[in-house]
Amino acid sequence: MSDRYGSIAIEPDTPGTPLSKKDKPVPRRRKAVPKKPKNSRKPLVITLVVFFIISSYFLTATYLLPLAVKKYLPQYIASQSGLHLTIDNIDLNPLNFQLTLRQITADTAVPSTSGPLLKIDSLFIDLDFTSLIRNSFTCDKLVIDNLALNLIRYKDKSYNLPILSFFSGTQKHGQIIDFASLPFLFSLNNIDINNSQIYFVDQVTDKTHEIEELQLAIPTLSNFSFQSKNYITPHFSAVINGSPITLSGEAVQLDENQGFQTKLSCSIQSLNLAPYFSYLPASFPLTMTQGQADTSLEISFVPNRKQGDRLRIDIKMNASDLKFGGKTEPLEITIPALTLDAVITPMGKKFHVNDIITKKIQISASEELTASALHALFFPRREQVNNTSPTITIDRFLTDQGTVIFRSTDTTRKVIRSQWNGLQVSIKDFDPGKSSGNINISGEHAGDKGSFSWQGEVTPSGKIQGKLLLNNFSAATFIRQIAPESGDNIAGVASFSGDLSFYSTEGDLLSYIFEGGMLHFQNLKISQKRPPGSRQNLYASPESAIQKTNSTSGIFSLQEQTSA
């Protein structure tokens, strides 16, 4: 059969037959691409650019920025406060953003004769530069050396320092400045003020105060949340009006996982108290004319305690040569020596006396003023007990060798003086809120040497009642209390014993009442200036006589009495 498509050999070539040179493929040769010449100027340009940027930064930070601050900061301060500010030298470390200002002076438009308002030798600020981008001012450290401040408070209660005048005019009396309401954010940390002084002239109280050798360390002052890596320990020391004062702080771990308690301790030596007494509230009835004290203060803050008890101030004081006077009424109080141990909780409005010990107190006052003061102490109003007004509790009060002079007027407006010597007063565990306490008092009358003693106790009803003993008083003293119109000459001595109670009546008046009293006369002699028989008139109605002495019941006892 014939092959219609022809024959195609499909057998491979004979193995082992080599290819001829003509049959071998010839590889193509690529054309060589010429290499571009290397640019040797590029690294130089990069280096120059980097050097220019760094140089510009250092030049700006080292020279231009300080010049700008020195020029424009005084203009800004003048426009905002009216103060004229000058800065001799400004240095900025471009590596760590530490700013140092030297020889700073700020003064008012009308300079004072006492010197510039503010002068600072050196001000160092460890600035957080990124805070400026966030529209806030933050620094990790602020150091002020040799600050001198001359403050003046004028009679209209404005200050020569504008910022103080602003706050004194806008803040309510007693209100604390609210830094959170300020239109900018700031956080000043590790504030350290060294070798500084403040000179304060107060034209309102006509007082001058000097603060010298001021050393102040404040961990932070901020109006927003900011956490620094390290904080300095709080510290304050200065010589205020010639008295050295030291205040140091520490954090104390409380028991039973109650958290930390922050304590600030202050020691004040030979402090002149009189200049500061005028800063007490206007309602305080006393003025101080003399007095000094060695005082130690311990200010504690415990966040975990209930509201009102978180802040407390422990006071220990040794005072001497204290002299007080009355603002509206004649009053003189002299205390040669006083030892005080007390605790104040300002937010809770409590004044707790652990111990008061005095000696040789001398008081001269009217009977009305004395009664008003005793009523305010021992019978506080109900709102005081409910913590709407300050309350006083006393663990122990001791005084001896005291003298009290009462002044009163009779119907002819003649001043009558009644002096009591050798007074001894003891008050223990007194708490008006709990209606508890013990009061003991004794002394002798300067006129007739009669002695008295009274031991009182606060009852649950709120009264203070106790046993009163009067010994060896002039008989005329008692009889003229019973019959004031008697003109008889009376001789002899008398004694009295009974229950004497004090209580408060409507209108906040101090009242008293005798109960179960016994009046005993000895060696009584009455020389009458009227016809015989007046003796019956004198003793005929003992009930009415008892009522005049505010006694509900009584017994009269006569021994060796005569009537002429």
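**Basis of the model**

Buried denotes a relative accessible area under 20%, exposed over 50%, and partly exposed the range in between, computed with a 1.4 Å probe on protein chains only. The model is predicted: local features need pLDDT of at least 70 and side-chain atom pairs count only at pLDDT 80 or more, while totals for chains, interfaces and linings use all residues. Residues are numbered from 1 along each chain as its sequence is written, and side-chain values use heavy atoms, with hydrogens and water left out.

**Salt bridges**

The structure holds six salt bridges, each a side-chain nitrogen of Lys or Arg within 4 Å of a carboxyl oxygen of Asp or Glu. One of them joins Arg153 to Asp202, with the closest N and O atoms 2.8 Å apart. Arg153 belongs to strand 4 (residues 136-153) and Asp202 to strand 5 (residues 185-202), 49 residues apart; strands are DSSP runs (E, at least two residues), numbered from the N terminus. Arg153 is buried at 14% relative accessible area, and Asp202 is buried at 1%.

Asp341 and Lys316 also form a salt bridge, at 3.9 Å from N to O. Asp341 is in strand 12 and Lys316 in strand 11 (residues 311-326), so this pair ties together parts 25 residues apart in sequence.

**Nonpolar cores**

A nonpolar core is a set of buried Ala, Val, Leu, Ile, Met, Phe, Trp, Tyr and Cys residues joined through side-chain atoms within 4.5 Å. The largest has 60 residues; those touching the most other members are Leu322, Phe324, Leu340, Ile427, Phe478 and Phe521. Strand 12 (residues 331-345) supplies the largest share, six residues. A second, separate core of 27 residues includes Ile90 and Phe186.

Technical notes. Helix = DSSP H or I, 4+ residues; strand = E, 2+ residues; numbered from the N terminus.
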